[in-house]
Amino acid sequence: MRDRMWSKWLVAWIVAILPAIAGADTMREVVSIDGAETAVELRLDDGIGELRYRPRGGREAWRTVPLDTLAPIVAVLADQRLAPLWPVLERWAGPDLTLARDAMLTRTKASWEQRRASTRAAQPSQGAVRKPIRALLQYAVALQDAGRFAEAAALLRAQRDLQPVKSEWDRSEWITLSINLANVMAGAGDREGAIAVLEQASVRLKGSPYAINADLNRAAMLAEGGRYEAALSAVEAAVAAFAGASGHGAEVPGARLQFDWIRACALRGLGREAEAATLMASFRSAATPMQGRFAPPADRDVEERGWACLRDPAALAALWQRDLTAPAIGSLTFVTAQPAMQSLGYDPATLDRARRLLGTPAPLRLLPDRYAPALRAWQ
């Protein structure tokens with residue numbers, strides 16, 4: 001499955017704060033969000049932007065959606081509540097997103113060549129690396145968004161092969177590069193090669209907490225590929241290792257959900273329906289992942305991946321419908337509900353059936369066909 005607009009991370013660490021964009025053009029509007037007048041600011045510069053919003057008249061802090069990869073741009077363009085922003089955003093990004101794609105490539109490549117991260121940590125796991133490696137990872141994400149998987153894989157592999165594993169920083173960067181490389185390979189259709197990379201990473205860092213990250217991502221790829229017995233064995237081993245590691249420090253709230261969806265997928269694939277259902281039900285009562293030093297994916301994103309792996313279109317459509325009752329600006333539902341969108345690990349037939357069940361409830365906008373190449377990573 002070659003279509004990919006963002007990397008999905010099962011285990012993540014430090015996040016950085018997005019600074020104000022110096023010299024950016026700014027557009028201000030007032031829109032209705034959940035029946036409340038909401039101030040929005042759209043700031044756009046060369047290959048990077050951000051959208052900020054908060055209710056008018058209140059004292060709430062601004063909430064920010066960084067527009068530094070293609071997925072959040074799609075989410076804004078697919079949100080009917082933000083229609084006043086579309087003309088300006090389209091002029092900046094291009095009517096088919098090619099302008100944003102090319103500008104992001106230029107920006108991230110220049111930052112990588114200068115060994116400095118251009119913006120915040122674009123993915124949660126990028127906080128686990130120092131700025132030169134973060135800049136490389138951001139360039140690799142831009143290459144993936146452009147459909148240039150082979151270049152992204154070569155870039156990551158070359159850096160990983162040079163990376164020492166002596167210090168904690170070294171090991172954190174090496175495993176992050178390994179997981180990124182595996183994700184790119186899987187996105188390019190080489191799932192077995194990706195699993196092999198993760199197996200090698202786990203062996204090299206055996207006994208280190210970083211090996212859990214490799215094992216967890218390997219278990220996910222095995223489950224999504226239908227290798228349920230191997231996936232269950234891998235995730236149970238990761239659970240045991242995680243339990244031992246978390247005994248030495250505070251556990252991140254909601255972290256265990258990242259194990260639960262993989263276990264549920266494997267169990268259902270093996271015919272153990274009741275156990276799988278119990279695990280997926282835990283998402284409704286889960287703690288919100290902590291945002292700060294540790295930043296796991298949002299519960300909603302993890303649950304979506306679980307239902308997709310379980311190949312349950314009704315549950316997936318119900319999740320989207322629930323999300324669309326009061327969606328956060330930039331919600332992933334605006335992207336994954338698009339008919340042309342496919343993503344690593346998501347069974348295309350399950351997605352298609354879920355989209356038919358969902359229909360087009362407000363505020364979801366189905367994007368015009370001119371966006372289809374971008375949603376398919378230009379393949």
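1. The protein chain comprises 16 helices and 4 strands, where helices (H or I, at least four residues) and strands (E, at least two) are DSSP runs numbered from the N terminus. This is a predicted model, in which local features need pLDDT of at least 70 and side-chain atom pairs count only at pLDDT 80 or more, while totals for chains, interfaces and linings use all residues. Residues are numbered from 1 along each chain as its sequence is written, and side-chain values use heavy atoms, with hydrogens and water left out.

2. Of the 379 residues of the protein chain, 58% count as buried; buried means under 20% relative accessible area, exposed over 50%, and partly exposed in between (1.4 Å probe, protein chains only). The chain exposes about 15400 Å², of which carbon and sulfur atoms supply 52%; accessible areas come from the Shrake-Rupley method with a 1.4 Å probe, and for residues only the protein chains shown count as cover. Among contacts with a separation of 6 or more, 63% are between residues 24 or more positions apart, a contact being heavy atoms within 4.5 Å.

3. Nonpolar core. The largest such core has 117 residues, and L51, I73, L82 and L89 have the most contacts inside it. A core of this kind is a set of buried Ala, Val, Leu, Ile, Met, Phe, Trp, Tyr and Cys residues joined through side-chain atoms within 4.5 Å. Helix 8 (residues 210–224) gives the most to this core, contributing 10 residues. With residues up to four places away in sequence not counted, L82 touches V31, V40, L51, V76 and I329.

4. Disulfide. A search of the whole structure finds 1 disulfide, defined as a pair of cysteine sulfur atoms within 2.5 Å. C265 is joined to C309, with an S to S distance of 2.0 Å. The pair links distant parts of the chain, 44 residues apart, with C265 in helix 10 (residues 257–269) and C309 in helix 12 (residues 299–309). The disulfide is left-handed because the torsion about the S-S bond of C265 and C309 is about -75°. Both cysteines, C265 and C309, are buried.

5. Aromatic pairs. The whole structure contains 2 aromatic pairs. Rings of Phe, Tyr and Trp (its six-membered ring) pair if their centres lie within 6.5 Å; planes under 30 degrees apart count as stacked, over 60 as edge-to-face and the rest as tilted. The pair W112 and Y139 is stacked, because the ring centres are 5.3 Å apart and the planes are at 25°. W112 lies in helix 3 (residues 98–113) and Y139 in helix 4 (residues 131–145), so this pair ties together parts that are 27 residues apart in sequence. W112 is partly exposed, at 28% relative accessible area, whereas Y139 is buried, at 7%.

6. The pair F242 and F259 is tilted, because the ring centres are 4.9 Å apart and the planes are at 45°. F242 lies in helix 9 (residues 228–246) and F259 in helix 10, so the pair ties together parts that are 17 residues apart in sequence. Both F242 and F259 are buried.

7. Charges over rings. R52 lies over the face of W62, at 4.2 Å from the ring centre. The charged end of R365 sits over the ring of W86, 4.1 Å from its centre. The criterion is NZ of Lys or CZ of Arg within 6 Å of the ring centre and within 35 degrees of the ring normal.

8. A buried aspartate. D260 lies in helix 10 and is buried, with a relative accessible area of 13%. Leaving aside neighbours within four places in sequence, D260 is in contact with L279 and S282.
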